[in-house]
Structure formats: C-alpha cells, structure tokens
Amino acid sequence: MPTVVIVEDHTLLAETLQTALHRRAIEAVIVPCDTPELAERILAAGPDLVLLDLDLGAELDGNDVLVPLVAAGVRVLVVTGTADPMRIATALERGAVGFERKESGFEPLLARACDALDGRPVIDDQERRRMLRELAQVRAEQERAFEPFERLTDREREVLEALVEGRSVRDMADDWVVSDATVRTHVRGVLCKLDTSSQLGAVAAALRSGWLHRDRRTRSRT
C-alpha cells in the first residue's frame with residue numbers, strides 16, 4: 001500500500017485529505033507542522049509522496065523542509081495558499097514535482113495528489129520553465145537592489161536597523177557606549193553608501209528593497 005504524508009497547517013483539510021486517500025486504499029499519515037525535527041519525522045514514515053504546505057508557522061518555511069526530502073528521493077507536491085508565485089517557483093527549483101493551490105478546491109487537490117503518487121506529470125514543462133525564468137529574473141533584480149546594502153559595515157547595518165526601529169542617535173550612543181559623534185559618522189556612512197541625503201530616505205530604501213527582512217533572516221541562520 002503506498003504511503004502519503006500530509007504536512008498541512010489547516011487541520012480540517014489535512015484530515016479530509018487523509019480520509020479521502022484512505023478510501024482509495026492509500027495509507028495517509030498526518031505529521032503536524034510543529035513536530036520537532038520535522039523532516040526526519042516525515043522520512044521516518046516512509047512516504048511515497050509528501051503533500052507539503054509552504055506555510056508551516058512563523059519560524060518554518062516549507063521550502064526549507066523540502067530540501068532534505070528531495071535529497072532522500074521523496075516526491076513532494078506543494079499544497080499552498082500563498083499569493084507569492086516566487087515561493088512556489090522556489091519549491092520547483094528545489095525539486096518539488098509540482099504544486100496545487102488550495103483555492104482551487106478539494107477535488108482538484110485530491111486528483112493532483114493521486115497523479116503525483118502514480119508518477120504522472122503534475123505540471124507542464126513549459127510552465128515550470130516559465131516560473132523558473134521569472135524566479136531568476138526576480139532574484140537578479142533583488143541582487144541589484146541589495147548591492148548598496150552589501151557595502152555597509154557591520155556597525156552601519158546595526159545603525160540602519162536602529163533607524164528603521166525609530167531610534168535616535170542619542171539612543172544608539174547610549175546603548176553602545178560611544179559618543180554621538182561616532183554614531184553620526186556611521187549614519188553618514190549609511191547615507192553615502194545608499195546614495196540618500198536623509199535618515200528617512202535610508203529607512204525607506206531598507207523597507208522598499210526588502211533588505212531588512214533578508215538581513216535578519218540571514219543572520220538568524222548563522
């Protein structure tokens with residue numbers, strides 16, 4: 001009997017899928033999203049297919065879980081409600097066999113899961129290539145937008161983050177036990193490298209580019 005592992009943050013959907021798969025003589029196991037060592041628990045179930053939600057909570061992205069599953073030779077079908085097509089394209093890049101949007105309804109999702117389990121194509125090759133091209137284009141644009149931020153020193157990054165949080169030069173000087181003049185020097189460095197004349201402009205650039213989110217996420221993984 002084939003085994004499908006369901007990793008889904010919507011309990012009702014997960015249980016409905018499990019019931020429908022059981023009716024088709026398919027073993028279906030639900031692994032909760034908050035399970036410690038999630039990828040290991042999924043693999044321990046010996047899945048022939050994993051139905052993987054991309055939104056697994058604030059601390060975990062399904063795309064990160066996908067990598068060790070694909071490396072272990074498991075077929076992964078992404079099931080998602082995300083409005084960001086680049087997250088789906090990233091899943092395809094990392095080896096997902098395809099995807100199904102939750103908004104399409106339950107029956108299309110079930111049919112897509114059965115196709116994936118049977119090894120039938122679940123995404124057109126032309127659509128896959130198109131999504132991957134768009135992903136590459138978006139990344140190239142992001143890298144161009146991030147380039148000025150990459151020139152910031154560690155202290156200048158800290159200053160920029162503090163400015164985004166609305167902290168003053170005096171606040172930073174007090175926290176870091178340095179002079180106001182030292183902090184102002186770092187602020188000038190930030191403004192120069194970001195080619196802006198004001199602290200407000202630097203904050204706007206950090207928020208508009210998405211750099212702040214990426215910088216914090218990168219440092220949280222190191």
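## Strand β4 and its neighbours

β4 pairs with strand β5 (residues 98-101) in the parallel sense, over 4 bridges. Two strands count as paired if DSSP finds at least two bridges between them. Val79 stands opposite Glu100 in β5. Leu77 stands opposite Gly98, also in β5. From β4, the chain crosses through helix α4 (residues 85-93) to β5, in a right-handed β-α-β crossover. Right-handed means that, with the strands pointing away from the viewer, the path from the first strand over the helix to the second runs clockwise. Helices (H or I, at least four residues) and strands (E, at least two) are DSSP runs, numbered from the N terminus.

Strand β3 (residues 49-53) is joined to β4 by 5 bridges, and the two run parallel. Leu49 has Arg75 as its bridge partner in β4. Strand β4 (residues 75-80) is largely enclosed by the rest of the structure, because 5 of its 6 residues are buried. Buried means under 20% relative accessible area, with a 1.4 Å probe and protein chains only.

## Basis of the values

The model is predicted: local features need pLDDT of at least 70, side-chain atom pairs count only at pLDDT 80 or more, and totals for chains, interfaces and linings use all residues. Residues are numbered from 1 along each chain as its sequence is written, and side-chain values use heavy atoms, with hydrogens and water left out.

## Thr3 in strand β1

Thr3 lies in strand β1 (residues 3-7). Its relative accessibility is 12%, so Thr3 counts as buried. Leaving aside residues up to four places away in sequence, Thr3 touches Glu27, Val29, Ala45, Gly46, Pro47, Asp48 and Leu49. Contact means heavy atoms within 4.5 Å.

## Helix α9

Helix α9 (residues 180-193) has 14 residues, which should span 20 Å at 1.5 Å a residue. The expected span is 1.5 Å times one less than the number of residues. The end C-alpha atoms of α9 are 20 Å apart, which agrees.

Buried in α9 are Asp180, Val183, Val187, Gly189, Val190 and Leu191. The buried residues of α9 pack against α7 (154-164), α8 (169-176) and α10 (199-209). Just after α9, Asp195 takes a positive phi of about 55°.

Methods. Buried means under 20% relative accessible area, exposed over 50%, partly exposed in between (1.4 Å probe, protein chains only).
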